[in-house]
Amino acid sequence: MRLIPLVAALGLAGPAVAQDALQGEAIFVFYCATCHGTDAAGGGPMSPSLVVPPADLTTLAARNGDVFPTARVVMRIDGRDPLISHGSMMPVYGDFFAGTDVATKAETGQPIMTSQPIVDLLAYLEGLQQE
């Protein structure tokens, strides 16, 4: 009976990270819609000036064997996997979203460390996926 408190104290039985898709939508509109568009399909007002057009974020899963590419999305946002988009790197938002580090599950089931705002953004983007 003493094992359960010990496991919980070690953080091995902690609750799942809460995802707030509404907060994620607000983050998307503020930081991402300028390039990706308010519908996340890649047609934001800045997109014509970019050398590489912004991705259609509503088809991320469809382009990845119907699996949302959580790890790739996290690393593109926080800068661990940079993308050249308009003669320079896609803006890296890791510093903007730093603060509350949390673990979320990658599509492989492995944990990936990120921040709560990125987890919320993931929840929003996952909800936009088209089949």
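Okay, let's start with the order of things: going from the N terminus, the protein chain runs α-α-α-α-α-β-β-α. That is 6 helices and 2 strands, where helices (H or I, at least four residues) and strands (E, at least two) are DSSP runs, numbered from the N terminus.

A quick word on what we're looking at. This is a predicted model, so local features need pLDDT of at least 70 and side-chain atom pairs count only at pLDDT 80 or more, while totals for chains, interfaces and linings use all residues. Residues are numbered from 1 along each chain as its sequence is written, and side-chain values use heavy atoms, with hydrogens and water left out.

Now the chain as a whole. Of the 131 residues, 35% are buried; buried means under 20% relative accessible area, exposed means over 50%, and partly exposed is in between, with a 1.4 Å probe and protein chains only. The chain exposes about 7,900 Å², and 61% of that comes from carbon and sulfur atoms. Those areas come from the Shrake-Rupley method with a 1.4 Å probe, and for residues only the protein chains shown count as cover. As for contacts (heavy atoms within 4.5 Å), take the ones with a separation of 6 or more: 46% of them join residues 24 or more positions apart.

Let's zoom in on helix H4. Threonine 70 sits in this helix, which covers residues 70-78. Is threonine 70 buried or exposed? It counts as buried, because its relative accessibility is 7%. Skipping residues up to four places away in sequence, threonine 70 touches Lys105, Ala106, Glu107 and Leu122.

Aspartate 78 is in a salt bridge with arginine 80, side chain to side chain, at 2.7 Å from N to O. The rule there is a side-chain nitrogen of Lys or Arg within 4 Å of a carboxyl oxygen of Asp or Glu, and by this rule the count comes to 1 salt bridge. Aspartate 78 has a relative accessible area of 17%, so it is buried, whereas arginine 80 is partly exposed because its value is 45%.

Last stop, threonine 58. You'll find it in the loop between helix H3 (33-36) and H4. Even so, threonine 58 counts as buried, at 4% relative accessibility. What does its side chain make a polar contact with? The side chain of aspartate 56, at 2.5 Å. A polar contact here is a pair of N or O atoms within 3.5 Å; within protein, one must be able to donate a hydrogen and the other to accept it, and residues adjacent in sequence count only if both atoms are side-chain atoms. Beyond its neighbours within four places in sequence, threonine 58 is in contact with Asp39, Ala40, Ala41, Leu128, Gln129 and Gln130.
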